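Visitor: I am new to this structure and would like to learn how to read it. Could you take me through it step by step?

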Amino acid sequence: MKKLIRNNVYWVGKTDWELDSFHGGDYSINHGSSQNSYLVKEEKTVLIDTVWMPHSAEFINNLADEIDLHSIDFIVANHGEVDHSGALPALLEKIPGTPVYCTANAVKSLTGQYHHPEWNFKVVKTGDTLDVGNGKKLLFMEMKMLHWPDSMASYLTGDNILFSNDSFGQHLAVGELFADRADQCFLWEEAVKYYVNILNPFSIFVKKKIEEIRAMNVQIDIIAPSHGAIWRDNPMQIVDKYYQWSQDYREDQISVIYDTMWDGTKTLAHQIGEAIAGISPQTKVKIFNITKDDKNDIMTEVFKSRAIALGSPTVMGDILSSVSGWLQFLGELKFKNKKAAVFGCYGWSGESVKVLREKLTAAGFAVAEPEVRCNWNPTQAEHEKIIAVARALAEK
């Protein structure tokens, strides 16, 4: 069922209340999500993006209930990833030859995924326009690496709507459609989580693109992303947040993160957290167990933190595989301007803190010299080391 956005612009996507993971199982979904597709009905009828392939039949049937599919003059594919393009093969079987407007890189991704080089691709670049009638045009803006090389946004003049695709979205199901109608706690929680886990590695591109959009001096009344709620009440608030987040964002927070075998490293983690809170009472301190807390949620807290402490016991002369995998993901997200410290218990050889230090340094963290390397379980003998770690992290 279509839902009105403004004038002759409608939402025709899929709200998936039961979705609990994304990108395979690499991104956790806590409150459902949506795949947003939009229909512009001026003198020309334009479909902007589709939905994920598992929902393609439902999507096409719903769309056919609203309009004659053969009345669709153009399809805009802002991004080739399957959650936005998955229904294209089935749709183009019904309306073959319909022009598909996309970037040159999107032609590569769409043909690579669906093997239909015969589709009627119309390659566009930043500044190109498409006349949709009634004095309105779609203005295309390439959004390279936000978050794929093929990404772009489309701006509808007259209605002043920016169809931003994967920028400015959230994985959040909102039945009321608009951000001002969403639960504000969930909205911003999911907006920052989305930025951290998907866009943070490309922050330099985010900053430059926002500056480019601002320099274009176009009026934006609505931002319609491809996931989650649509921004209509002060839509530039999410743009301003992205700009802030793109510049080595930090709050006065320190996160203590660990995994443990027999609770020795867990004990150290909590002692370090308590020591930080005692030294710097105004600092927010959070403690996470890598195997019990969701990795995407932990990364969101790392993003907010000015420093972290990371702990693992020594296992086979190395660190726990859970911590190793978590560190791999940490490196992928390319955090900058953050401090770290390391800690861990051992029974025999004690290499974990050395491995943690090396891996955190490789991930771009400034690792403090003090560390806690504890033989067997912590005793009062570790107290001074714990205080030294806490002080090193609490220093601003």
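Guide: Let us begin with the inventory, keeping in mind that this is a predicted model. The protein chain holds twelve helices and 22 strands, and its C-alpha atoms fill a box of roughly 80 × 40 × 35 Å when the box is taken along the principal axes.

Visitor: What share of the residues in the protein chain count as buried?

Guide: A residue counts as buried when its relative accessible area is under 20%. In the protein chain, which has 396 residues, 57% fall into that class. The accessible surface comes to about 16,400 Å², and carbon and sulfur atoms account for 51% of that area.

Visitor: How many positive and negative side chains does the protein chain have?

Guide: There are 40 positive side chains and 51 negative ones, and the centres of these two sets lie 5 Å apart.

Visitor: How should I read a sheet, and in what order do the strands of the open sheet with seven strands lie?

Guide: The general idea is that strands of a sheet pair through backbone hydrogen bonds, and that they do so either parallel or antiparallel. In this case the seven strands of an open sheet follow the order S1-S2-S7-S8-S9-S10-S11, with mixed pairing. Its edge strands, each of which pairs on one side only, are S1 (3–6) and S11 (121–123). From one strand to the next, the twist averages 25°.

Visitor: Which helix packs on the sheet, and which strands does this helix touch?

Guide: Helix H4, made of residues 104–114, packs there and touches strand S10 (100–102) as well as S11, while its direction makes about 150° with that of S11.

Visitor: How do strands S7 and S8 run, parallel or antiparallel?

Guide: Strand S7 (residues 38–41) and strand S8 (residues 45–48) run antiparallel, and four bridges join them. Within this pair, Lys-41 stands opposite Thr-45 in S8.

Conventions: Residues numbered from 1 in each chain as written. Predicted model: local features only at pLDDT ≥ 70, side-chain atom pairs only at ≥ 80, totals over all residues. Heavy atoms only, no water. Pairing = 2+ DSSP bridges. Helix = DSSP H or I, 4+ residues; strand = E, 2+ residues; numbered from the N terminus. Axes fitted to C-alpha atoms, helices over the stretch in contact; angles between N-to-C directions. Contact = heavy atoms within 4.5 Å. Buried < 20%, exposed > 50% of the residue type's maximum accessible area, 1.4 Å probe, protein only. Areas by Shrake-Rupley, 256 points an atom, 1.4 Å probe, with all protein chains shown as cover. Lys, Arg positive; Asp, Glu negative; His and termini not counted. Charge placed at Lys NZ, Arg CZ, Asp CG, Glu CD.
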